[in-house]
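I opened my notebook to look up a few things in this structure. My entries follow in the order I made them.

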Amino acid sequence: MSENMNLTLKVWRQRNNKDKGKFEDFKVNDISPDMSFLEMFDVLNEQLISQGSDPIAFDHDCREGICGMCSMYINGRPHGPKEGITTCQLHMRSFKDGDTIVVEPWRANAFPVIKDLVVDRTAFDRIIAAGGFISVNTGNAQDGNSIPISKIDADIAFAAAACIGCGACVAACKNASAMLFVSAKINQLSHLPQGQPERMQRVRAMVHQMDKEGFGACTNTGACSAECPKEISLVNIASMNCDYIKANVIDSNG
Amino acid sequence: MGAFSFLLNSTIGKKVIMGVTGICLVGFLAVHCFVNSLIFVNDGGELFNTAAEFMAHNVLIRTMEIFLFLGLILHALQGINLVFKNMSARKVKYYKQDGAANSKWYSRSMGLLGTLLLLFLILHLKHFWYVSRLTEEISSGDDTLFGEMKEVFANPIVVAIYIIGVISLAYHLLHGFQSAFQSLGFNHKKYTPFIKSFGFWYSIIISILFAVMPLALHLGWVK
Ligand code: HEM
Ligand code: SF4
Ligand code: FES
């Protein structure tokens, strides 16, 4: 067991969307290395509440790396210094006694700050609503085995479907581009038979909405994939580009 | 135009333009580098002058030159446009951003590298293209392109500027070559490793050759 630690936190505070916001420094003492980063924030917030000040607002839900809510930009990286995990899966043993840790919200015009570290990610919802679905008549679900799917396609679709919509890709990208997220949401459908009928209109609609939300253009730096907690592959972006070009140039419904 | 309006109206379309024009420029550079490397034959520039003469008078080459210029202008304008668009997608900047943790510095600096290239190209075109195509100096036989090269590279400051230009090119291509294929939708485990290593060696070899040319002329390695 390593020793408990004392840390300084430099956290972004912003009362609401109109407020200009600023950094505030906090001290937290006796932090166990086995705590998660969010648990450390719980300790800090308890401290703030007992002092009668406003606790720091931050998003979280599942605390097990599957919901994608815990958006914190820690020491210059989304979800902190480790690869392939979310903030809730980050342990304090990744830091040293005496460290100063800078915590900021995701920064992108398309993700306005609501309060402190909480940002509005409904731009992602609007992109999904534009085409990230398949249209089926209601009624009983068809027997799963009646639609044969190759193992290769199933694996590609499944890997893309691992995206939890956290927005770390946008946060990490120097262009605040949402290409990794959008391409994952397109590819989880475009490799399955159920995704085929609307494949071309889907990619057009979702890319159109992505542009409308004000995300930047991709310059293939690869920062998104390197910081993605689900390690979504850049191949998804190329597939989306390919489909998008086809949808505009050779699709008969264009 | 309807089917192609996406090239101007969407972020992906704009990247298609960058990729296509970028690859055309890469193709041109290979030819340019090959022809110029003829100076290394060390025959007083004779073979090189013959090749340059051919390039200057061949109709096909001259037609391609027009498209090359259009491509370069489109590439530069669209590149600058994207840089500004991308910078403004994050109005409030991070206080601390650790880019090195997740990407290569040159992949994040394509706008800067491209701008250095553009400045270099303006000087470079003035040195050689302007003199060989728009003045009488070479066509009248008073001077050869090889002679012009020796004259230009007698100045060590010019040699230094050329080397900085070539270093910018090297890093621009180290990212750009493979990036263009990704932008155009080509990424597959069958061929992407090949594209990446080909792009790496292309960038390195072409840059070394280009960098050695002014040095060789300045130091008199080729006469
Ligand atoms: C001989 C000259 C040049 C060559 C061979 C070249 C080649 C390339 C290639 C292959 C790409 C990758 C395209 C992609 O990612 O899809 C690229 C990107 C880029 N180029 Fe150039 N380029 C040249 C000159 C310039 C100039 C003069 C500028 C002027 C500003 C420029 C600005 C850019 C920018 C900003 C990008 C990144 C675009 C993006 O990823 O969104 N380039 N270049
Ligand atoms: S692609 Fe990765 S980083 Fe982007 S939203 Fe999905 S899970 Fe998060
Ligand atoms: S709180 Fe759900 S992923 Fe972190």
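**Entry 1: chain B.** I began with the order of elements. From the N terminus on, chain B runs α-α-α-α-α-α-α-α. I counted 8 helices and 0 strands in chain B. Helices (H or I, at least four residues) and strands (E, at least two) are DSSP runs, numbered from the N terminus. The C-alpha trace of chain B spans about 55 × 45 × 40 Å along its principal axes.

**Entry 2: ground rules.** I noted that this is a predicted model, where local features need pLDDT of at least 70, side-chain atom pairs count only at pLDDT 80 or more, and totals for chains, interfaces and linings use all residues. Residues are numbered from 1 along each chain as its sequence is written, chains are lettered from A and ligands numbered from 1 in the order in which they are written, and side-chain values use heavy atoms, with hydrogens and water left out.

**Entry 3: the iron site.** Which residues of chain B coordinate the iron atom of ligand 1? I found B:His75 and B:His172, each through NE2, at 1.9 to 2.0 Å. Donors are N, O and S atoms within 2.8 Å of the metal (3.2 Å for Na, K and Ca); water is not among the atoms, so sites may look incomplete. B:His75 lies in helix α4 of chain B and B:His172 in helix α7 of chain B, so the pair ties together parts 97 residues apart in sequence.

**Entry 4: where chain B meets chain A.** The contact (heavy atoms within 4.5 Å) takes 37 residues from chain B and 47 residues from chain A. The area buried between them is about 3400 Å², and carbon and sulfur atoms give 55% of it. Buried area is the accessible area (1.4 Å probe) that two parts lose on being put together, summed over both. In chain B, the residues that lose the most area to chain A are B:Ile12, B:Tyr94 and B:Asn102, together 19% of what that side buries. I counted 0 salt bridges between chain B and chain A. A salt bridge is a side-chain nitrogen of Lys or Arg within 4 Å of a carboxyl oxygen of Asp or Glu.

Entry 5: A:Asp25 is in strand β2 (residues 22-31) of chain A and A:Lys10 in strand β1 (residues 5-13), 15 residues apart.

**Entry 6: positive phi.** Most residues other than glycine have a negative phi. A:Asn75 has a positive phi of about 50°. A:Asn75 sits in the loop between β3 (73-74) and β4 (77-78) of chain A. For A:Asn220, phi is near 55°. A:Asn220 is in the loop between α6 (199-212) and α7 (223-227) of chain A.
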